[in-house]
Amino acid sequence: MKNLKWFVLAAVCILFAVSWFAKASGGDGVDNSVLDAFLVTLAAFLTLAIMSFLYQDNPYYKFAEHLFVGVSAAYWMCLGFWSTVVGNLFPRISEGLSNFFLVPYQPGPLNFFFAIPIILGILLLMRLSPKGGWLSRWPLAFIVGTTAGLNFVRYLRSDFVKQISSTFVPLVVDWQGFGHFFSNISLTAGGPLVMMLTNLVIFIGVFCGIVYFFFSKEHTGVFGKASRVGIWILMITFGASFGYTVMGRISLLVGRLTFLFTDWLGIIG
Amino acid sequence: MKRQIPLALVFVFGLFMIFQYFVPHEKSEWVYEFLLDWILVIGIFALALGIWSLYKVSVDKIRARKENWAYSYVTLFGLFVMILFGFTAPNGESWGLYAVFVTTAILTILMIIQTMVAKSQKGLYLGLAGLFLAASVVIAIFDGAWSFHFYTAEGLQNYWFRAFFDHILIPILSTMFSLLAFFIASAAYRAFRARNLLASLLLISALIVMLRFNPYLQPIMGDYMAKTSNWLMNVPNLAAQRAIVIGIGLGIVATALKVILGIERGYMGKG
Amino acid sequence: MRYVLRCVLVAALLICGTAYAQTEDMVEDTVMTAMAPAPATNVNAFDTDNDHGHSVTVTWDLSVDDGGGTGAVTGYEIHRWSPAEMVTLDSLRGLLSAVEAELPNVADSSAEANLRRDSLRLRYAALIATSVAVGDDLDTEMKARRAAVKEAFLAALDGLPAAHARYPENGNWQLLGKVAAGVSTYSDAGGKEPTASSFIPDYCGFHYKVHALTADETVYGETAPFGPVECYGQWFNTGRVPVLLAVLIFGALTIIFVSIARRGADLYVRPLAGIEAVDDAIGRATEMGRPILYVLGLGTAADVATIASFTILGRVAKRVAEYQTALIVPTYEPIVMTVAQEVVKSSYLDAGRPDDYKDDTVFFVTQSQFAYVAAVNGIMLRELPATCVYMGKFFAESLLLAETGALAGSIQIAGTDEIAQIPFFIVACDYTLIGEELYAASAYLGREPILLGSLKAQDYAKAAVVVFALAGLLASYASWGHVFTDLFKVTN
Amino acid sequence: MVHNNVGVIITLLVIAGGLVWLLVRSFRGKEIDRRVIFLFIMVSVAAPLLATITFKFTATPIVEALYDKIEALPEGSTVLLSFDFDPAMAPEVQPMANVVTRHCLEKNIKIVFMCLWATGQGQLEITLDQVLRRDFAHKIDGVDYVNMGYKAGNEGVLNVIVTDFEKMFPTDVNTTPYGDIEILQGVNSCKDMDLIVSFGGGRPGIKEWILFVGDPTGVPSAGGVAAVVAPQLYPYYPRQLMGLLGGIKGAAEYESHFRERHPNHADMDTPAIIMMGPQTIAHIVIIAFIIIGNVLFFMNRRRGARS
């Protein structure tokens, strides 16, 4: 078994080398530079390494996974540094730094306020010290407080007031008396009957759905029935949206395979 | 003291945020934007905290020789190389001694890690670290081909930074994402079984929608399939979405209020 | 004598002039009346309400030739009188940004760089009185220029109100925009930053006029100027009164029920299958001697979902401590990690097993979505947890996690408020808390009367939604219905 | 329906055979190992790519409408193409953008590119590389087409450009002043466009284009959107929305429709048509697995009932 492992490793290395060489020497018709050949091969092998996870966990997946973790962390760190610290903070606090990093210095009378987030940030790092850990609650409190305040009004507006008003759909569409209604009753999508049914379904759906989300009342009797209907409608919805996403997901895989077949192997396209 | 001040902060800032929502005036707007900037800045420190934790977790793993400890070296390598690339760039066409610098710098870090994890001969590793550090510093000073700041209008300019992004980050990322294609299939196989009423509803509506999206089953099913699935998406879906949204919205509002009033303190680490 | 002569001469000239002018006028008139459409009437301009200022709304009554009449009107042009100072301001703005753009590359001594700087110097000289020594030390020179330009810019800014008050001397009409025929309102909204080219100053007396256009743009009906009108920011947004009411009502509800709960009335909460399952799951893990994986999702410590998840984590950790099972909590966000550590630590304390707590139970992975997933998936297949709990914010990774968990043969309990992800959890997990149930769960577990109280308040709010919706339905048939429905109209 | 081709037949046989075999096993109540499912998905996606299983497409009216519209536009008329999507949507939407752009260029129609999404710029660049710079190198920037880039402000942007394009886009991406761009002479607002096509379907997207631009100005508007949002847009067709490409399928229909009628583009790359093969087959496979799963379930239950 152990030998097998080394054998596989050797095989992979040889394959890598071969593919690198092939691409570099333009074996696939396209003449890449040695460097590009290496990078493309690398990308291809990492792709395969991740896919090998589908069979089972293995050293190659572990390698890709750990590399990914490290590189991505660094990537976000650099991006954050250059966009926020350099782009956002230095221009406000120090002319020297902004000149060093080639960003226009924006002096302002109230820039000294930016000391506060810096201090809060340092307090956040106090988490690392065994003693001052409790200090790190201050920045946390600041963030949580502001976010809570924001959420409070935003959601009250968008999910409460707005939702109520958007439920104001007339159940009876352009009602012109029973005679008129029954005389031209039709099942076409635009017809009044269908429209009414639709609006009715929507209303009942919303109603039952909300009933399902009642927590402080036992779901028994009529109330229970309504909540049953509610969960049915939820399930239908979930099924539908699952079905919807299938297509998009497949195209993701197509994208990856196209990369392998085209950019790496160059056998299609 | 340890709890009161944070609670006070939460209350004050929460209240202000509610207040400013109703005050369109420039001044309140200004404070509002200022606060958002603050959150950004604090976020960077959080990021630093994260990098540190990642480093610590990996080093601990190596020191304790936990299973798969060796892979932590890969993580650390990726981390530090990428950071180096992210903070340096060539000034002109030539790279000068950049490669040497990167190597020495990485070796320095490696040696430092070794000194942290090693059981014996810490001194040796430390010495080596110092040596490599000195080397890299010397290069950094005397090699004019590259420098430490490279932020241009186009953004991060280091070729290798981009190369790592395009040929390591993106392939792995999108492959992880594309695994969904497989998992969506296995999940469907496993879960879409008419065990009970709810499961059957799930199954049926999913099937209808999938059939509607399959161009070559449509002729068989006829236009009916498309109509039904559209109806599904436009009518029950709308209703359910609205019900959920209202629920979630109120939940968020209530929690936010509890947080501001200091009733809900989960975020302060008291379960 | 000579004086008289001069007077006569002047008089004669005047007469000729006016006569000529009149003939001119007559010609003009005949032309105009022949083709010009009737102008728009009662132009009115006022500060746009409920905003931060820097915006004026212009309204007018349609020209009679718009639609009706000759029907010649194709649209309307809105003009604002802007004093010469506005132009100066614009050029100063341009220069300022140019100087600032140039500042960083003073080191650059290439030909084109020098060219740029020379052109800057010229523009500068054209605009600013105070000259700056053109020295070898570019840096100081540029800095001095920037300072001077900024000063001039601010001065020009201060001068604007006076300049507008001077109407109509030394200024000209500036075309703001066109609207199609039949439209009778235009919002002249600009940026609030003086450095933005779209900047519109507050507290300046603007004057507006409207042209009724025809196919031939030389022919139009022009209204009399309207003004002066100032724009300024408001201190209260009346458009959001409904939200304010909602805030008050909801806040009151919560406080009332919380205080009721404090007084110790026991409030019912319907059982949640997902949460009931947690305990059994932990028991199962203990029997199998396998760990429990708790994923807090991708949310920040400020996300409500994450806050709720902390409470649940506390409960789980307590049980885990009692059963002495292993717990794994990989986190995506450093702050979340630190909080989670405290939560777990304190739960171990509550369980009376503080020394069983290990610092590496809760650890940070990485702050990149798919790297996090990759790592957690790896953990699942290596540690084979008996139970996986996913509570919090989840995005595309939901199915990746849940399926890998199923692959590892663990019982899975999920809960999220990300509507798009709920279906995947429903499909792939054994128990799923749908949306609000996640929040309710934390109250249900905590069993703290206060939390239950606010849950009650939420339920009443939901009831209110239903009631209002019904009322709205009925109202939409009554003649006075709009009065009611308008209560819920949130403008801007 | 399927191009005659050995590889194709083999793949289809393999997949179909495998599924039948699994079905038979399932009647004996044998569960399927997850890896088998993965394998099937892999094959059903990879094989069509390798064997280039492509299906013939007949454009549905809603797609044909857009094609005919562009076909009917006289040379030198101006079309506005707005790229309002991000990499996540790209697999579905990029092909539409490419083929429509190609069609316009082929018909010597002037194109004004813009983005309501910041991420749209990157996608726009891709289209320019894959279509314009590759197959229409002779087209001149500023004369045959112009790239106005991205402007923040969502509906706000639309509200402005509906009356005054220059106010929102004083320059193009290369900071060429509006006045110096030949193609934009005589273009003051969206009213002067002959057609507006928005690719994306997120928010802001075609819906906003209809409400803020299409309806007020009466300029014919069309769109290319991800399959998921298409149903929400059908109600607008045909009055406010003169044509719509819904998902990969719509794109594929347009591609084949275009390729048939423009033989000089016979060898153009048709990502949508290519992607349609895997899509379709994988879909069928997944559905098949669902059916097998249920067969299994009922079999086991009956067995359980018997014993």
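## Chain A–chain B interface in a predicted model

Chain A has a mean pLDDT (the predictor's confidence in each residue, from 0 to 100) of 83, and 87% of its residues score at least 70. Where pLDDT is low, the predicted coordinates should not be read in detail.

This is a predicted model: local features need pLDDT of at least 70, side-chain atom pairs count only at pLDDT 80 or more, and totals for chains, interfaces and linings use all residues. Residues are numbered from 1 along each chain as written, chains are lettered from A and ligands numbered from 1 in written order, and side-chain values use heavy atoms, without hydrogens and water.

The interface totals come next.

| Item | Value |
|---|---|
| Chain B residues in contact (heavy atoms within 4.5 Å) | 108 residues |
| Chain A residues in contact | 110 residues |
| Buried area (accessible area, 1.4 Å probe, lost on being put together, summed over both) | about 10700 Å² |

Carbon and sulfur atoms carry 84% of the buried area. Between the chains there is 1 salt bridge (side-chain nitrogen of Lys or Arg within 4 Å of a carboxyl oxygen of Asp or Glu). B:Asp37 pairs with A:Arg92 in a salt bridge, with the closest N and O atoms 3.5 Å apart.

Technical notes:
Buried area = accessible area lost by both parts, 1.4 Å probe.
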